[in-house]
Amino acid sequence: MFFLIIVIILGCIVGIIANSKGRSFFPWFIYGMALFIVAIVHVLCIKSIDNTPIGPASHTKKCPQCAETVQADARICRFCRYDFEGAGNHTQPAQATIPPQLPS
Ligand SMILES: [Zn+2]
């Protein structure tokens, strides 16, 4: 009985790791119970599937000026040069006034 609980826990570990990488929990759970040593190495080696992104907002953001998606760390929109730092803390999307930089 104790051995069965250990096997289920080991299967859960493999299943949870696989699930965190975008794989199905249940097949990996069975795999982990049957061949834990092989499955744990296998599940640690597989790459994550990006078909279920955790959230595009986590590493990208939408430019309020041109509605293009840019990197979350971007300070200036690469499409319209919108200044996120200058207007980022305002609740209302301020009119991005692009300072005229005319070549003299
Ligand atoms: Zn923009």
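Me: Which hand does the crossing of H1 and H2 have?

Reply: A crossing is left-handed if the near helix is turned anticlockwise from the far one by less than a right angle, and right-handed if clockwise. The crossing of H1 and H2 is right-handed. This is a predicted model: local features need pLDDT of at least 70, side-chain atom pairs count only at pLDDT 80 or more, and totals for chains, interfaces and linings use all residues. Residues are numbered from 1 along each chain as its sequence is written.

Me: What are the angle and the axis distance for H1 and helix H2?

Reply: Two packed helices are described by the angle between their axes and the distance between the axes. Axes are lines fitted to C-alpha atoms, for helices over the stretch in contact, and angles run from 0 to 180 degrees between N-to-C directions. Helix H2 covers residues 25-34. Its axis and that of H1 come within 7 Å and cross at roughly 140°. That makes H1 oblique to H2; angles under 35 degrees count as roughly parallel, over 145 as roughly antiparallel, 65 to 115 as roughly perpendicular and the rest as oblique.

Me: Which residues of H1 and H2 meet?

Reply: Two residues are in contact if their C-beta atoms, placed from the backbone, lie within 7 Å. The H1 side includes Val-7, Ile-8, Gly-11, Val-14 and Gly-15. Among those on the H2 side are Phe-25, Trp-28, Phe-29 and Ile-30. The contact of H1 with H2 has 14 nonpolar, four polar and no charged residues. Here Ala, Val, Leu, Ile, Met, Phe, Trp, Tyr, Cys and Pro count as nonpolar, Asp, Glu, Lys and Arg as charged, and the others, Gly among them, as polar. Take Phe-29: leaving aside neighbours within four places in sequence, Phe-29 is in contact with Gly-11, Cys-12, Val-14 and Gly-15.

Me: How do H1 and H3 pack?

Reply: Helix H1 spans residues 2-20 and helix H3 residues 36-45. The angle is about 15°, with the axes 9 Å apart. H1 and H3 are therefore roughly parallel to each other. Their crossing is left-handed. Leu-10, Val-14, Ile-17 and Ala-18 in H1 meet Phe-36, Ala-39, Ile-40, Val-43 and Leu-44 in H3. By class, that contact has nine nonpolar, no polar and no charged residues.

Me: At what angle do H2 and H3 pack?

Reply: At about 135°, with the axes 6 Å apart. H2 and H3 are therefore oblique to each other. Trp-28, Tyr-31 and Gly-32 of H2 make the contact with Phe-36, Ala-39, Ile-40 and Val-43 of H3.

Me: Which residues form the largest nonpolar core?

Reply: A nonpolar core is a set of buried Ala, Val, Leu, Ile, Met, Phe, Trp, Tyr and Cys residues joined through C-beta atoms within 7 Å. The largest has six: Val-14, Ala-18, Trp-28, Phe-29, Ala-39 and Val-43. H1, H2 and H3 are the elements that give two or more residues to this core.

Me: How many helices and strands does the protein chain have?

Reply: Helices (H or I, at least four residues) and strands (E, at least two) are DSSP runs, numbered from the N terminus. The protein chain has five helices and two strands. The order is α-α-α-α-β-β-α from the N terminus on.

Technical notes: A residue is buried if 20 or more other C-beta atoms lie within 10 Å of its own, exposed if 12 or fewer, and partly exposed in between; C-beta atoms are placed from the backbone.
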